Amino acid sequence: MRTRTIPILLVALLATVARPAFAQDSAKKILDYQGPDRSERLVAAAKKEGVVNLYTSINAEDVKRLTAAFEGKYGVKVSVWRSRSENVVQRTLAEAKADRHVVDAIETNGPELESLAREKVLTTFFSPFAGELVQNAIPRHRLYLPTRFNVFVQAYNTRLIRKEALPKTYEDLLRPEWKGRLGIEQSDADWMAELIHYWGEKRALDFFRGIGAQDLQKRKGHIVLANMVAAGEVPLALTVYSFEIDHLQRKQAPIAMLALDPVIAKPNGIAIAARAPHPNAALLFADFMLTDAQKLFSDHGGVPANTRTKSPIEGTRLVVLDPARVIDGWDRWSRLWDQYVTRTGK
């Protein structure tokens, strides 16, 4: 009896191991399918799954609009866990390490998605709408696709600064009249990284050396910084996201946008978990984020990644930040940021 037990247990063990592998193979076929009936099959299968579990750092108001629109169109529930982008990464990796596969789709900042891609917790997927996107924001590995951009612009208080007094270049901000009147978000080392790449090291570090001597006010959170501009506590801020200015203008706040060249745009994207429990619903949600959601973003000040959708900052030339370059050089970027920005000012 003992000798017969071993093969029986081995067969049972192999069957247990095989099931997840088979499930993964089936999910991959779903995610890669390109047949003419793709849309019909995808919607039907997603409705059968009934839910998509989303981890995201999208602001709360936009999340409500997006989920309501998706659920209203498809009848598939969106279960949302929302937090800061770094927390989205931490939770996703912790669950993967514990072999707990809860998340289906992840929408957050490009550098954070790049880090998840390198941890091999994401999977590639086909979307017929990828060709409509800003192409240089699509990573070569295609483990996520761009959905929107966080565009770094300057914001100023319209009661404190006249238009004709505004700087025309970044270097204009180094003039004596701006000392003590500037603010910056204290964690924007990725913005610095892209400026170094775009300008070259000498010009960029000369600029940051000069800006660090301007008694910068540093605050944690782009919306906090934007609110300080609107309140008149910071006359001009260097790194505010464009959509936050739009939100405050809708509330009649005395704030306006200045877009000094180059305008750096940080991509956000949509990814599908490699072990998503609801792969059909995840893929349907990804398609939605690349199409219907684009107008929802644009209508509320967001900068869409789909080139067929009108942008609220149309006519502004964007330099798309490379998440891979940010990740690869992060130790250096954070060291330089600390040296030139964090340790200076107020």
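**Exercise 1. State which residues line the largest cavity, and sort the lining by class.**

Step 1. The largest cavity is lined by Asn59, Asp62, Arg148, Phe149, Asn150, Phe243, Phe297, His300, Gly301, Gly302 and Val303. A cavity is a set of points, on a 1 Å grid over the protein atoms alone, where a 1.4 Å probe fits but cannot get out; a pocket is an open set with protein on both sides within 12 Å along at least five of seven lines; lining residues have an atom within 4 Å of a point.

Step 2. This is a predicted model, in which local features need pLDDT of at least 70 and side-chain atom pairs count only at pLDDT 80 or more, while totals for chains, interfaces and linings use all residues. Residues are numbered from 1 along each chain as its sequence is written, and side-chain values use heavy atoms, with hydrogens and water left out.

Step 3. By class, four lining residues of the largest cavity are nonpolar, five are polar and two are charged. Ala, Val, Leu, Ile, Met, Phe, Trp, Tyr, Cys and Pro count as nonpolar, Asp, Glu, Lys and Arg as charged, and the others, Gly among them, as polar.

Step 4. Strand 5 gives the most to this lining, with three residues. Helices (H or I, at least four residues) and strands (E, at least two) are DSSP runs, numbered from the N terminus.

Step 5. The largest cavity holds about 80 Å³ of space. A volume is the space filled by probe spheres set on the points, with grid points joined across faces, edges and corners.

**Exercise 2. Describe the lining of the largest pocket.**

Step 1. The volume of the largest pocket is about 1200 Å³.

Step 2. Its lining has 40 residues, and Arg84, Ser85, Asn109, His222 and Tyr241 lie nearest the centre.

Step 3. Elements that each supply at least two lining residues include helix 3 (60–74), helix 4 (85–97), strand 5 (145–157) and strand 10 (263–273). Helix 9 gives the most, with five residues.

Step 4. The classes are eleven nonpolar, 14 polar and 15 charged residues.

**Exercise 3. Explain why helix 9 is largely enclosed, and find what covers its buried residues.**

Step 1. Seven of the nine residues of helix 9 are buried, so helix 9 is largely enclosed by the rest of the structure. Buried means under 20% relative accessible area, exposed over 50%, partly exposed in between (1.4 Å probe, protein chains only).

Step 2. The buried residues of helix 9 are Ser242, Phe243, Glu244, Ile245, Asp246, His247 and Leu248. Phe243 is also one of the residues lining the largest cavity.

Step 3. The cover over the buried residues of helix 9 includes strand 5, helix 8, strand 8 (236–241), strand 9 (255–258) and strand 11.

Step 4. After helix 9 comes Gln252, with a positive phi near 65°.

**Exercise 4. Is Leu236 buried or exposed, and which residues does it contact?**

Step 1. Leu236 is placed in strand 8.

Step 2. The relative accessibility of Leu236 is 0%, so Leu236 counts as buried.

Step 3. Leaving aside neighbours within four places in sequence, the contacts of Leu236 (heavy atoms within 4.5 Å) include Gln154, Tyr156, Leu173, Trp178 and Leu258.

**Exercise 5. Characterise the packing of helix 6 against helix 7.**

Step 1. Helix 6 (residues 189–199) and helix 7 (residues 201–212) pack at about 135°, with axes 6 Å apart. That makes helix 6 oblique to helix 7. Axes are lines fitted to C-alpha atoms, for helices over the stretch in contact, and angles run from 0 to 180 degrees between N-to-C directions. Angles under 35 degrees count as roughly parallel, over 145 as roughly antiparallel, 65 to 115 as roughly perpendicular and the rest as oblique.

Step 2. Helix 6 contributes Trp191, Met192, Leu195, Ile196 and Trp199 to the contact, and helix 7 contributes Glu201, Arg203, Ala204, Leu205, Phe207 and Phe208.

Step 3. These residues divide into nine nonpolar, no polar and two charged.
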